[in-house]
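Work through the following exercises with the sequence and the model open beside you. Try each task before you read its solution.

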There are 2 protein chains.
Amino acid sequence: MAQNSTLDMVTTNPGAANPVAVEVTRGSIVESKHRGSVAIVDVAGTVQGQWGDIKQPVYPRSAIKGLQAIAAVETGAVDAIEMTQSELALLCSSHGGEVRHTETVAGILDRIDCSESDLECGVHWPSHDDSAYALAAQGEAPSQLHNNCSGKHAGMLALAKQIGAPTKGYTKVTHPVQQRILGILEAMAGIEMGGLPVSPDGCTVPTWAIPLENLAFAFAQFGAGESMPPGRREACDRIMNAVFSDPFMVAGTDRYCTEMMNFLGKRVFLKTGAEGVFCATVPSMGVGIALKCDDGASRGAEMLLTAVLDKIGVFEDGEADTVATFLNRPILNRNFLHVGDIRPAKNCLSF
Amino acid sequence: MAQNSTLDMVTTNPGAANPVAVEVTRGSIVESKHRGSVAIVDVAGTVQGQWGDIKQPVYPRSAIKGLQAIAAVETGAVDAIEMTQSELALLCSSHGGEVRHTETVAGILDRIDCSESDLECGVHWPSHDDSAYALAAQGEAPSQLHNNCSGKHAGMLALAKQIGAPTKGYTKVTHPVQQRILGILEAMAGIEMGGLPVSPDGCTVPTWAIPLENLAFAFAQFGAGESMPPGRREACDRIMNAVFSDPFMVAGTDRYCTEMMNFLGKRVFLKTGAEGVFCATVPSMGVGIALKCDDGASRGAEMLLTAVLDKIGVFEDGEADTVATFLNRPILNRNFLHVGDIRPAKNCLSF
């Protein structure tokens, strides 16, 4: 990709340690720190900003659920059962397993003549703690509906039905569902993915390790690409608007993705992935963002994304007070004493 | 401190990035990595091994609960209520809030005429998930007994009673309990701590940021020091033996501290602390170990400690199979597929 740092980001030496991006303080000192890298790429494939190694292959994990949902929209799987905006948003989610999440997944499954047992994501307790304790208090155990990926999986089952593929085995890399999605990912990221490392994700769906700059390019296209196959611009807009209409669906109570998109309205589509990944697009600027916190920490990735959004000018003048709360996350101890903060490191994204 | 790398550890440039210590793989590549530093110091205060910056001040957090317990032993607080070995072990714990943990804390409190409401550690759900869900299933909410630090706090209340100090406010840095402990920490770590950064810990008890090499020295003394105030050698041995006799008490089901000490018998006393800290002592070698994972990850700190124990020869010839399971922790996804591993980085502790 062309390199053209018009956003004046620091270019560091690939292969060297990525710079310290986020620091976690306690009392008067930095207690822990997170390193990471950031790629900002425009719809022409030009690198508009970089920080750290942006050539490294990164498993996007859940950060590309929005891209994976394109297949369900383009094939008509979404229209076939007249999915609501909230349901479509849920296809892009890593949800907390709250009741509205699980009931909505169940509603999708019901309308495609599937059930919880058709899901192949596995079971875990709701990641939203209060929902987990409430479930236990009812004497219940979690099901695959509570898996944070169950919305994506419901969408993949809908896709299987729509294209006439068997539902069983839809998580296998060789299944038509995953192959259809692979083709879309290749077009979006501008890279042939056959030779890339691939592994089952936490929910068993394949995740390919994509160079960070290509991930950012995929999100530039997702947000603002005009040179895409017929219908894709509409599909991407439809997915983004579904999420913007109900940000609770992509994450949930007290979750960064939900809070930040509730705050930003339609300015930025963003999505977290496991092991410190974040992807985002700012349609009005025509750029995509992909970042990876080296150590896999979500708290690092969230703060680094906030710093990037601040750096490129997503926030507006009257929003300083709220932005300050995003750029400085207080750490409260078990007695609710303010003992430290999570914040961008001093030279984070500096030049 | 004198520097004498008889254990042949790498000496790196303080101030530079600490080296990559642990890698987390997925499929064929490294997905995430953890950097860190390690100090190994003997009872003479000689640095026997170092890796990364060992001058940096580190909040030991819960890793020094064994040292904090010295005050309760030396003042007679432990004998005054005839604490069992398991109870004394619990004073050194970051427990999972399992039933045997909370009932044992309640038993200590009862015998010093205190109750749960005298604790000042705050409330959180048991960190042992199954215990949390079981509690919820009984329609109950957690109390301060479930706080992972409640054993330490019970010991501090016992200390307050023993020295005739008020129990209220025992977590304040100016309280006689914390001052008594501070004096012990200074002697153990060989450093005047008045000028060190201090902050409330997660449970509000003060935690001082101690240079990593001094933390290691404190644990060398704890394990094998002979030039200590009268009675301290016996106090330290008594604490270590209590923990060795019931490693479940210091952590719990499926926890590293418990598993590793169950495996090692009396060879190594070790204790985790929040934000990626680990301290340990190998009495037979006369050394203490202190390490910090830069990003605060427990998975990184645990693997780095395992690598250190391997490096200095703690494991024995017939133990290779079990050691291999500690040095390579498989990552299973939600369908129990083996998708990656946590392991020491290629050059971890190499020279």
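**Exercise 1: a residue and its contacts**

Leaving out neighbours within four places in sequence, Ala154(A) is in contact (heavy atoms within 4.5 Å) with Val105(A), Ile108(A), Leu109(A), Ile112(A) and Leu119(A). This is a predicted model, in which local features need pLDDT of at least 70 and side-chain atom pairs count only at pLDDT 80 or more, while totals for chains, interfaces and linings use all residues. Residues are numbered from 1 along each chain as its sequence is written, chains are lettered from A and ligands numbered from 1 in the order in which they are written, and side-chain values use heavy atoms, with hydrogens and water left out.

Task: find in which helix Ala154(A) lies, and decide whether Ala154(A) is buried or exposed.

Solution. Start with the secondary structure, where helices (H or I, at least four residues) and strands (E, at least two) are DSSP runs, numbered from the N terminus. Ala154(A) belongs to helix H6, residues 150-162 of chain A. Next, take the relative accessible area, for which buried means under 20%, exposed over 50%, and partly exposed in between (1.4 Å probe, protein chains only). Ala154(A) has a relative accessibility of 0%, so it counts as buried. Finally, compare positions: the C-alpha atoms of Ala154(A) and Thr102(A) are separated by 11 Å, and these residues are 52 residues apart along the chain.

**Exercise 2: salt bridges**

Task: state which parts of the structure are linked by the pair Asp79(A) and Arg238(A), and which chains are joined by the pair Glu275(A) and Arg299(B).

Solution. Begin with the rule that a salt bridge is a side-chain nitrogen of Lys or Arg within 4 Å of a carboxyl oxygen of Asp or Glu. Side chains of opposite charge can pair when their charged atoms come close. Over all chains, the search of the whole structure finds 28 salt bridges.

1. In the salt bridge between Asp79(A) and Arg238(A), the closest N and O atoms are 2.6 Å apart. This pair links distant parts of the chain, since Asp79(A) sits in helix H2 (residues 77-80) and Arg238(A) in helix H9 (residues 232-245) of chain A, 159 residues apart. Asp79(A) is partly exposed, its relative accessible area being 44%, and Arg238(A) is partly exposed as well, at 28%.
2. Between Glu275(A) and Arg299(B), the closest N and O atoms of the salt bridge are 2.8 Å apart. The pair crosses between chains, going from the loop between strand S8 (269-273) and strand S9 (277-282) of chain A to helix H11 (residues 298-311) of chain B. Glu275(A) counts as buried at 16% relative accessibility, whereas Arg299(B), at 24%, counts as partly exposed.
3. Through shared partners, salt bridges join Arg26(A), Glu31(A), Arg61(B) and Asp201(B) into one network. Within it, Arg26(A) pairs with Glu31(A), with 2.9 Å between the closest N and O atoms, and both of these residues are buried.

**Exercise 3: nonpolar cores**

Task: name the residues that touch the most other members of the largest nonpolar core.

Solution. A nonpolar core is a set of buried Ala, Val, Leu, Ile, Met, Phe, Trp, Tyr and Cys residues joined through side-chain atoms within 4.5 Å. The largest one has 115 residues, of which Phe222(B), Leu270(B), Ile289(B) and Leu309(B) touch the most other members. Not counting residues up to four places away in sequence, Leu309(B) touches Met260(B), Leu264(B), Val268(B), Leu270(B), Ile289(B), Val314(B) and Phe315(B). A second, separate core has 114 residues, including Leu145(A), Ile210(A), Leu270(A) and Cys293(A).
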